[in-house]
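This report goes through one protein model, part by part. Please keep the sequence and the structure in view while reading.

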Amino acid sequence: MPSPTLIKRRLNELGLRSKLRARPRVQGRILAPAGAFRRLPETGGLYFPFYHDVLPEYADDLRRHLLAFRRRGPLVSWSEALAILGGGKGVLAKSGPVFCLSFDDGHASWRDVVVPVLRELGVPAMFFLTTGLVGQPGNLTWDDCRAISAAGFDFGSHTVTHQRLADQSDAEARHEIVDSQREIEDELGIRIKDFAAPYGHPAVDFGRRDVEVAREAGYTSFASTLRPAMRPGDSPMMIHRQGLHPAWPIWAVRTRVHD
Ligand SMILES: [Zn+2]
C-alpha cells in the first residue's frame, strides 16, 4: 500500500504533467536535460514516433524532428514497418534505425500543417482516426480524410469515441474497435487493418480482450504506447510507439526515441 505522502506526490506530479502538456515548449525544456544521457538511435531498431495536433506555429519544429530522424535512418510506411517486423526485409540487419511515423485523433491541422510538411519531405505516415471526431470543430471532415488518403497516406482506427478500452464492457469495446473500422472503410473505400488504442498503455488502458477483438475483426496491427525499440520477430499486435510533441527540442525527443 503506497503511503499517503507518496500518493499525494503522485497526484501532484499528475497535475503538473497535465499542466505541462498544455505548454509543450515548457514541457520540452523540462524534459531536455534528461536527454543529455540519451542519444537518438544509431543502432538497428524500429521506432514509431507519433504526434497529435501540429499547430501552424510548430510546422518548422515538426520539419526539424523529421529531418533529425532522417539523418539517422529511413522513414518508412506502416506496411513497410510491419514487413520489417515480420522479417521480410533485411534492412535492420545491416544498418541503423528505421522510423515509422503516425498521428492520432483527427485534427484539422493534419490537413493544414502535417500533410504539407510530409509531402514536402516525401515522408510517409499513418493517421489513426477517432471516427466520432470527424466533422467536429477543429477536426477533419470525411472529405479531408478522403483527400489525405488519395494523396497516398495511410489510415487506421483509433476507436469511435476515444474511451479507455479497459473501462468498456465487451459490447462497448467491440463497438469502438469494429464500428470505427467499418465506418472508415465505408467512407474511404479502403481496407482498415491497423488499430491504435487510446492512451495506449497495456493493462491500464487496454487488455488482452481488446487485442483479441481487434484480431477477430481482421486487424493485423495493434499499437500501444510502450516505448522501447522494436526488432524483427516482435508482434505487430503490440506495436511500441513514442509520443512526441513538435515543440520539444531534440534533447527532449531523445528521452523518448533513443537506443
Ligand atoms: Zn488519442
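## The second largest pocket

The model described here is a predicted one. By type, the lining residues divide into six nonpolar, two polar and four charged. The volume of this pocket is about 180 Å³.

Two elements, helix 4 (78-85) and strand 7 (154-157), each supply at least two residues of the lining. Helix 4 gives the most, with three residues.

## The zinc site

Which residues coordinate the zinc ion? They are D105, through OD, and H158 and H162, each through NE2. The distances run from 2.0 to 2.2 Å. Along the sequence, the spacing of these donor residues is D-x52-H-x3-H.

H158 has a relative accessibility of 1%, and because buried means under 20%, H158 counts as buried. H162 is in the loop between strand 7 and helix 8 (170-188). The phi angle of H162 is near 60°, which is a positive value in a residue other than glycine.

## Helix 2

Helix 2 covers residues 24-31, and its buried residues include P24, Q27, G28 and L31. These residues lie on the same side of helix 2, because they cover an arc of only 100° around the axis. The face turned away from this buried side carries R29 and I30, which are exposed.

R25 also belongs to helix 2. The relative accessible area of R25 is 34%; this value is between 20% and 50%, so R25 is partly exposed. R25 and P249 are 224 residues apart in sequence, while their C-alpha atoms are 8.1 Å apart in space.

Helix 9 runs over residues 208-216, and D210, V211, V213 and A214 are buried in it. Why do the buried residues of helix 9 line one face of the helix? Seen down the axis, they fall within an arc of 160°, so they line one face. On the face turned away from the buried side of helix 9 are the exposed residues R208 and E216.

The loop between strand 8 (194-196) and helix 9 contains A203. Although A203 is not a glycine, its phi is positive, at about 75°. The relative accessible area of A203 is 70%, and since exposed means over 50%, A203 is exposed.

Where is H240 found? It is in the loop between strand 9 (221-223) and strand 10 (242-243). Is H240 buried or exposed? Its relative accessibility is 15%, which is under the 20% limit, so H240 counts as buried.

The side chain of H240 has a polar atom that lies 2.8 Å from the backbone oxygen of P228.

Terms used
Residues numbered from 1 in each chain as written. Predicted model: local features only at pLDDT ≥ 70, side-chain atom pairs only at ≥ 80, totals over all residues. Heavy atoms only, no water. Donors = N, O, S within 2.8 Å, 3.2 Å for Na, K, Ca; no water. Buried < 20%, exposed > 50% of the residue type's maximum accessible area, 1.4 Å probe, protein only. 1 Å grid on protein atoms, 1.4 Å probe; cavity = no way out; pocket = protein on both sides within 12 Å on 5 of 7 lines; lining within 4 Å. Points joined across faces, edges and corners; volume = space filled by probe spheres on them. Helix = DSSP H or I, 4+ residues; strand = E, 2+ residues; numbered from the N terminus. Nonpolar A, V, L, I, M, F, W, Y, C, P; charged D, E, K, R; others polar. Arc of directions from axis to C-beta. Polar contact = N/O pair within 3.5 Å; in protein donor to acceptor, adjacent residues only side chain to side chain.
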